Amino acid sequence: MIPNVDNDSLVYLNGELVRLGDAKISVLDRGFIFGDGIYEVVPVYHGKPFRIHEHLARLQRSLKKVCIETGKSDADWEHLLRDMLKRSGLADCTLYLQVTRGVAKREHGFPTDPCEPTIFCMVSPFARPDAKKREHGYSVVSMPDLRWQHCDIKSVSLLGNVLAKQFATDAGVDDVIQFRNGHLSEGSSSNVWVVKNGVLIAPVRDEFILEGIRYVFIQELAQKLGIRFESRAILQEEVAAADELMLSSATKEILPITQYDGKAVGNGKPGPVYAQLRAGYDAAIAAL
Ligand code: PDD
């Protein structure tokens, strides 16, 4: 019995459908031993995956960056995800897909003998951010970004992110904003947005942040809505002096940050640029 999950739900593991409660992998799986794998989280609204092709393109990029070969095409992945979605019967959910390098003797270098990647997919119910979160926003604290220099890879090696989220929990807030060498990187599991004088600003998409699927989506929304957008290095002082702050991710969509290091952001309420982007986001979901 795994607590807090539906143990009877069906998951995909290496070509088979099994009960979540019965799904097993080897203790020598390199995902378990080394965190040697990558993943994706695709949100689904009323049975329709949101930006699935963008997610699959990022999946293939992550696989390539860590040299895991699955032999699967975008069409194969899409078929797998859509099949799991259909079987789940869920309308609002997330599709979680994980690929590790597979099972091998514990040696750090890539296995030299043939090694089949481990492929796992589960579908989980997804509770969209509620009205309280949308209206009151998130409280965050700043912290140094202690992670590695390949944050662009959607790796399952998430210890740095786990510790960052726990830092927030221990501080009694919702999340953190991380800074590397005095510059904004991202949240514990989200991209961060700054608004100053009506301009929407996000950090450059380099190896220090994950290229969020919403990063590009929100950039497109801004363009459509006539909001000026800049992608550039953002100083910690600029974040502290922002008119608005926001974060985005598959499961948080776009949310306002209204408290930063114990102080109100702007007037402490979600701002006008957030309101515009929020409306655009909701409209895109409704139009799926
Ligand atoms: N996290 N940055 C980090 C470190 C993340 O983990 C995520 C998403 C993002 C936003 O990416 P996207 O817009 O593609 O969701 C940015 C997922 C949701 C997770 O780990 O559950």
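**Figure 1. Asn14 in the loop between β1 and β2.** Asn14, at 43% relative accessibility, counts as partly exposed (buried means under 20% relative accessible area, exposed over 50%, and partly exposed in between, with a 1.4 Å probe and protein chains only). The loop that holds Asn14 runs between β1 (10-13) and β2 (16-19); helices (H or I, at least four residues) and strands (E, at least two) are DSSP runs, numbered from the N terminus. Phi of Asn14 is positive, near 50°, in a residue other than glycine. Most residues other than glycine have a negative phi. The model is predicted, with local features requiring pLDDT of at least 70 and side-chain atom pairs counting only at pLDDT 80 or more, whereas totals for chains, interfaces and linings use all residues. Residues are numbered from 1 along each chain as its sequence is written, and side-chain values use heavy atoms, with hydrogens and water left out.

**Figure 2. Asn181 in the loop between β8 and β9.** Asn181 is placed in the loop between β8 and β9. Its phi is positive, about 50°, although Asn181 is not a glycine. At 74% relative accessibility, Asn181 counts as exposed.

**Figure 3. The largest nonpolar core.** This core comprises 23 residues, and Trp77 and Leu81 have the most contacts inside it. A nonpolar core is a set of buried Ala, Val, Leu, Ile, Met, Phe, Trp, Tyr and Cys residues joined through side-chain atoms within 4.5 Å. Two or more residues come from each of β3 (37-45), α2 (52-65), α3 (74-88), β5 (93-100) and β6 (118-125). The greatest contribution, five residues, is that of α3. Apart from its neighbours within four places in sequence, Leu81 is in contact with Val42, Ile52, Leu56, Leu95, Leu97 and Cys121 (contact means heavy atoms within 4.5 Å). A second, separate core has 21 residues, including Ile209, Tyr215, Tyr274 and Leu277. In soluble globular proteins, nonpolar side chains tend to be buried together.

Figure 4. The 15 residues of α3 should span 21 Å at 1.5 Å a residue, and its end C-alpha atoms are 21 Å apart, in agreement; the expected span is 1.5 Å times one less than the number of residues. Trp77, Glu78, Leu80, Leu81, Met84 and Leu85 are the buried residues shown in α3. Viewed down the helix axis, the buried residues of α3 fall within an arc of 160°, so they line one face; the arc is that of the directions from the helix axis to the C-beta atoms. On the face turned away from the buried side, α3 carries the exposed residues Ala75, His79 and Lys86. Just after α3, Gly89 adopts a positive phi of about 70°.

**Figure 5. Helix α5 and its packing.** Helix α5 (residues 159-170) has 12 residues, and the distance from its first C-alpha to its last is 16 Å, close to the 16 Å expected at 1.5 Å a residue. Asn161, Ala164 and Ala168 are the buried residues of this helix. Down the axis of α5, they fall within an arc of 60° and so line one face. These buried residues pack against β7 (138-144) and β8 (175-180). The face turned away from the buried side of α5 carries the exposed residues Leu159, Leu163 and Asp170. Gly172, which follows α5, has a positive phi near 75°.

Figure 6. Of the 18 residues around the ligand, Tyr39, Arg58, Glu186, Arg214 and Ala250 come nearest (a residue is near a molecule if one of its heavy atoms lies within 4 Å of it). A side-chain N or O atom of Tyr39 is 2.6 Å from an oxygen atom of the ligand. For Arg58, a polar side-chain atom lies 2.8 Å from a ligand oxygen atom. Ala250 places a backbone N or O atom 2.8 Å from an oxygen atom of the ligand.

**Figure 7. His55 in helix α2.** His55 lies in helix α2 and, at 0% relative accessibility, counts as buried. The side chains of His55 and Arg214 are joined by a polar contact of 3.2 Å. A polar contact is a pair of N or O atoms within 3.5 Å; within protein, one must be able to donate a hydrogen and the other to accept it, and residues adjacent in sequence count only if both atoms are side-chain atoms. A polar side-chain atom of His55 also lies 3.5 Å from the backbone oxygen of Val41.
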